[in-house]
Amino acid sequence: RGPARGLARRVAREDDNRLVVRFHAAPEDERLCQQVVKTSRFELDTEGCNLRREEKAMIKWSLELSPLSLLRGAMSGKLLRLMPLLPRGTSVYLPNLPADPPECIEHAIQAVFDANQQVQIVPHIAVSRVRSEANLLQRLDRWQLAASMSLNEVLVVHGDARAHAVDGAAEKEHTGSLGGPYMKSLDLLDSGVLQQRGISRVGLCGHPEGIALDSKSSISREAAIRILGEKVRVATARGLEPNIVTQFCFSAGRSTSYIDALRAAGVTQPVSLGVVGPAKSSLLQRMAAHCRVAPPNSALTEKVDVEQPSAALRSYLYEVAQWQIQRGGDSGLQTLHLYPFGGLEKTLRFLSTDPAAAVLLGGPVALDLDSAFFTATSAAAASPNRP
């Protein structure tokens, strides 16, 4: 054990080395091997995944966080311990959940900005719930003030009553449009309103399984891609820079084939692939039913135990990493978009310790979570420029 660790450290110091180190370890030694990986910047060569140092997938990652949960975390102090750890440029998406108070996103933007001014805050706009153009402009003004005029991106959605609310709050009836000026996302993209308030980038929703409108009707994946292509065309024509953020999907094959289909349809914009972070199997099942996506059981292989969500997620990420390396940066995905339904701390810990995440992200994510929880005061005051 000592010689292997020492060798990895010595090799890591050689700037021009081309040596590939493979560790053959029993399952009980996996934790040690993960530590070697963290200290040497080499990946684990685990069963079923022959990835080498020169074969990093090298993509970014982002988070989607419930505004109400963020505000609860701010009040408890947990937000102050976790947010400063996020690296510079990390995108934090704030969904417009139908049961949240109207000012919820504004307060969440303020809380995130106060905790870490180096992250990219991306609030959602649910067009079906916009009452008037004047109301939207006022809302954008408040958001800009909360972010000290640094906001330059939003994600535009139609506005589903069955949004990503872990606590079930969105189950209340909030269906349909309010009769405002925008009946669909295209209307807002074509209006020029976003540009009036400094918005230059816009996220658009992708659906790897198509769009389930209700229990009886849906839009096929092919039709949804055509609609998305039209949104991209309109946004680009109006001077906006579009990117794609997908709904979460528990099948790696279905997720990657969706990106292949986007590229084949001429959609070349950056893609953020939606993935659910570590969570209990029961919660995954509930969120799948709530958001009308295929449940995780249909995506797991026989070797993966449904009661071990981290193992299932690891298998998913390894498969995506292999696909990403084959496709390359432009044809593949650009960002791993995480839905931390099982908790932000658990998701961040997974990113910083799991070998599959290290392979896909080009190395372990440097997050000193233990120090953050043992020294809350110093973590809250830490520099937001941490690597």
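This is a predicted model: local features need pLDDT of at least 70, side-chain atom pairs count only at pLDDT 80 or more; totals for chains, interfaces and linings use all residues.
Residues are numbered from 1 along each chain as its sequence is written. Local features need pLDDT of at least 70, side-chain atom pairs count only at pLDDT 80 or more, and totals for chains, interfaces and linings use all residues.

The protein chain holds 16 helices and ten strands (DSSP runs, H or I of at least four residues for helices, E of at least two for strands, numbered from the N terminus). Chain totals follow.

| Property of the protein chain | Value |
|---|---|
| Buried share of the 387 residues (buried: under 20% relative accessible area, 1.4 Å probe, protein chains only) | 50% |
| Share joining residues at least 24 apart, among contacts (heavy atoms within 4.5 Å) between residues at least 6 apart in sequence | 79% |
| Accessible surface (Shrake-Rupley method, 1.4 Å probe) | about 18100 Å² |

Eight strands close into a barrel, ordered β1-β2-β3-β4-β5-β8-β9-β10, with parallel pairing (two strands pair if DSSP finds at least two bridges between them). From one strand to the next, the twist averages 30°. Strands β1 (residues 60-64) and β10 (residues 335-339) run parallel and are joined by four bridges. Leu63 has Leu338 of β10 as its bridge partner.

Helix α10 (residues 252-264) packs on the sheet and touches β5, β8 and β9. Its direction makes about 165° with that of β9 (axes are lines fitted to C-alpha atoms, for helices over the stretch in contact; angles run from 0 to 180 degrees between N-to-C directions).

Helix α5 (residues 104-115) has twelve residues, so at 1.5 Å a residue it should span 16 Å; its end C-alpha atoms are 17 Å apart, which agrees. Its buried residues include Cys104, Ile105, Ala108 and Val112. The buried residues of α5 pack against α3, α4, β2, β3 and α6.

Key: Side-chain values use heavy atoms; hydrogens and water are left out. The expected span of a helix is 1.5 Å times one less than its number of residues.
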